[in-house]
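Open the model in your viewer and keep the sequence panel beside it. The tour below goes stop by stop, with something to select at each one.

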Amino acid sequence: MLVLEGVSRRFGTKLAVDAISLEFGGGGFVGVIGRSGAGKSTLLRMINRLVEPSAGRILHEGVDVTALKGAELRAWRARCAMIFQQFNLVGRLDVLTNVLMGRLNKVSTARAVLKLWSDDDKALALAALEQFGIANIAAQRAESLSGGQQQRVAIARALVQEPDLILADEPVASLDPRNTRVVMDALRRVNKHFGISVVCNLHSLDLAREYCDRLVGIAHGRLVFDDVPAALTDSIARELYGLEADDVIEAPAAAPLPAGVAVAAA
Amino acid sequence: MTGPLRHSALADRGGLERRHPRIFRPPPGPRVATVALIVGAVGLAICAMWWLEFSFDRIGSGLVQLGYFLQLMVPPSHGGKLSHYLGALAETLAIAFLGTLLAAVLALPAGVLAAKNVVANRILHFFIRRSLDTVRGVDTLIWALIFVSAVGLGPFAGMLAIAAADFGAFGKLFSEAIENSDRKPIEGVVASGGGELHAVRFGVLPQVFPVMLSQVLYYIESNTRSATIIGIVGAGGIGLHLAEEIRTLEWDRVAFLVLMILVTVAVIDFISARLRFAIIGRRVAAPA
């Protein structure tokens, strides 16, 4: 269980995240929604401590994550895997090595630097790649792959961290509609099949309604909605997204949904 | 920690190894080549040390001698020649600054022409590259000796020496920065109907400008040190005094001069860091 207690973050004079209190975890698929610049990324990055909170605490199973340092901080980061909009792979390294980056926290530094991975770790990385049907490209350079393939490699990297939690920061914002499906399905598989909690920033409301079992709405850095997707009415969505509301509510034009799912989600 | 992934990976270990044999038993080629390269480099270094009569004994006795000089250096003293020294230091700074500036201005067009992604003409490209190599192949000190003979003793020869040597260096560095630039902005400019000059001005230069700027600023600092050396061969500046005091074994004055140069270089370093940030602008890492 991950508990956020009045977490804030200030950039200069701008309050990006304003005293948010939340509870995550227990194997759910939580969508964080809101317009661009609402503070969604900052919130996720604070959980992984890529951004330091200006105020408030983040507790994981009773441990104050915001106070961790050095090896303990690195161990925490390994437990809450991060997935980025731009994939953040090392383009010049092959796919297998990129996935094995997820093992760095468990392997001795000397072995890792010399790339002496154990066969168990290699098996784990390949099994993760096979989950998403991309084990055949294990020897290719990451920069030669399509966006959808790169994001699946990034998810495989997250998976071999054997994390408690996966934080996905706009994972499909750089992808075309077909790859959006493939990647969201991969995240759903991680959640349902492996029982790892997923917290996912999404711009598209339709994707959020379809994939998430709980939605958290953020506007101007403040928490304005926290409930099941069915409880998110159009009027609340308009409040959340302001002028962008029509774009996100009518998103199906950009990402056509299978008919049955669209009806069920709406 | 045994999650479902680990469980299935270990259960299917045989299958995984069968399906991906090259990953579990990679061909030894690359590893062997790396090890061979390291062994070769170490071997070569040992040969070179033997050939150059590398001797720990001589390092030891040299250190004793250096310790003796160090004693003579304390306390540093200008021996009543402070105004001479300050004037010479200003001259050195002027040599470094003007020389670097001249080199950078001349190297900009040369660097653009030497970049493969800008100039497609292979003959022109080859000609410019080799010219830059030739200029660079002659060290600043040699250029200083040449210009001292050509235009006479003094700081003008020093400035020309630095400009000539760094023209070659900048030409190479600039052209490589341009070759490493991202192709996408260039495509954007060309697709909007821009010509080749537009593509360089708006597609390439904004990308490479920060790299060039930091290189030029570093060279100004580095040339302040070089300018002391070329002063020794008569090309003006503080190097002349330094050579003189070393020759007459006035170690306290040598120490004073060295300290002056150290402080100057530190000040330049400080100013150039400020300047670089002021011009490039700090990248604000504020995510959405």
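Contact here means heavy atoms within 4.5 Å. Angles are taken between N-to-C directions and run from 0 to 180 degrees. Keep in mind throughout that this is a predicted model.

**Stop 1: the four-stranded sheet of chain A**

Select E1, E2, E4 and E5 of chain A. They form an open sheet in the order E2-E1-E4-E5, and the pairing is antiparallel. Which strands sit at the edges? Strand E2 (14–24) and strand E5 (63–64) of chain A do, each pairing on one side only.

Now show helix H1 of chain A, residues 40–47. H1(A) lies across E1, E2 and E4 of chain A, and runs at about 120° to E1(A).

**Stop 2: the partners of E1(A)**

Stay on strand E1 (residues 2–11) of chain A. With strand E4 (residues 55–60) of chain A it pairs in the antiparallel sense, over five bridges. Pick A:Ser8 and look across: its bridge partner in E4(A) is A:Ala55. Then pick A:Leu2, whose bridge partner in E4(A) is A:His60.

Turn to E2(A). How many bridges link E1(A) and E2(A)? There are seven, again in the antiparallel sense. Select A:Arg10 to find A:Leu15 of E2(A) standing opposite. The two strands form a hairpin with two residues between them. In that turn, A:Gly12 has a positive phi of about 60°.

**Stop 3: the six-stranded sheet of chain A**

Select E6, E7, E8, E3, E9 and E10 of chain A. That is the strand order of a second open sheet, E6-E7-E8-E3-E9-E10, with mixed pairing. Strand E6 (80–83) and E10 of chain A have a single partner strand each, so one side of each is left without a neighbour in the sheet. From one strand to the next, the twist averages 20°.

**Stop 4**

Zoom in on strand E9 (residues 214–219) and strand E10 (residues 222–227) of chain A. They pair in the antiparallel sense over five bridges. A:Ala219 faces A:Arg222 of E10(A), and A:Gly217 stands opposite A:Phe225 of E10(A). Two residues separate the strands of this hairpin. One to click is A:His220 in the turn, with a positive phi of about 50°.

A:Asn88 is not a glycine, yet its phi is positive, about 50°.

**Stop 5**

Move to chain B and select helix H5, residues 56–73. H5(B) has 18 residues and reaches 25 Å from its first C-alpha to its last, close to the 26 Å expected at 1.5 Å a residue. At the start of H5(B), show the side chain of B:Ser55. One of its oxygens comes to within 3.3 Å of the backbone nitrogen of B:Asp57.

Go on to B:Pro75, in the loop between H5 and helix H6 (82–114) of chain B. The peptide bond joining B:Val74 and B:Pro75 is cis, with omega about -10°.

**Stop 6: two helices of chain B**

Last, select helix H11 (residues 196–232) and helix H13 (residues 251–280) of chain B. Their axes come within 10 Å and cross at roughly 170°. That makes H11(B) roughly antiparallel to H13(B). Show side chains in the contact: from H11(B) they include B:Phe209, B:Leu213 and B:Leu217, and from H13(B) they include B:Ile261, B:Val265 and B:Ile268. Colour the contact of H11(B) with H13(B) by residue type to see eleven nonpolar, five polar and four charged residues.

Methods. Residues are numbered from 1 along each chain as its sequence is written. Chains are lettered from A and ligands numbered from 1 in the order in which they are written. This is a predicted model: local features need pLDDT of at least 70, side-chain atom pairs count only at pLDDT 80 or more; totals for chains, interfaces and linings use all residues. Side-chain values use heavy atoms; hydrogens and water are left out. The expected span of a helix is 1.5 Å times one less than its number of residues. A polar contact is a pair of N or O atoms within 3.5 Å; within protein, one must be able to donate a hydrogen and the other to accept it, and residues adjacent in sequence count only if both atoms are side-chain atoms. Angles under 35 degrees count as roughly parallel, over 145 as roughly antiparallel, 65 to 115 as roughly perpendicular and the rest as oblique. Ala, Val, Leu, Ile, Met, Phe, Trp, Tyr, Cys and Pro count as nonpolar, Asp, Glu, Lys and Arg as charged, and the others, Gly among them, as polar. Two strands pair if DSSP finds at least two bridges between them.
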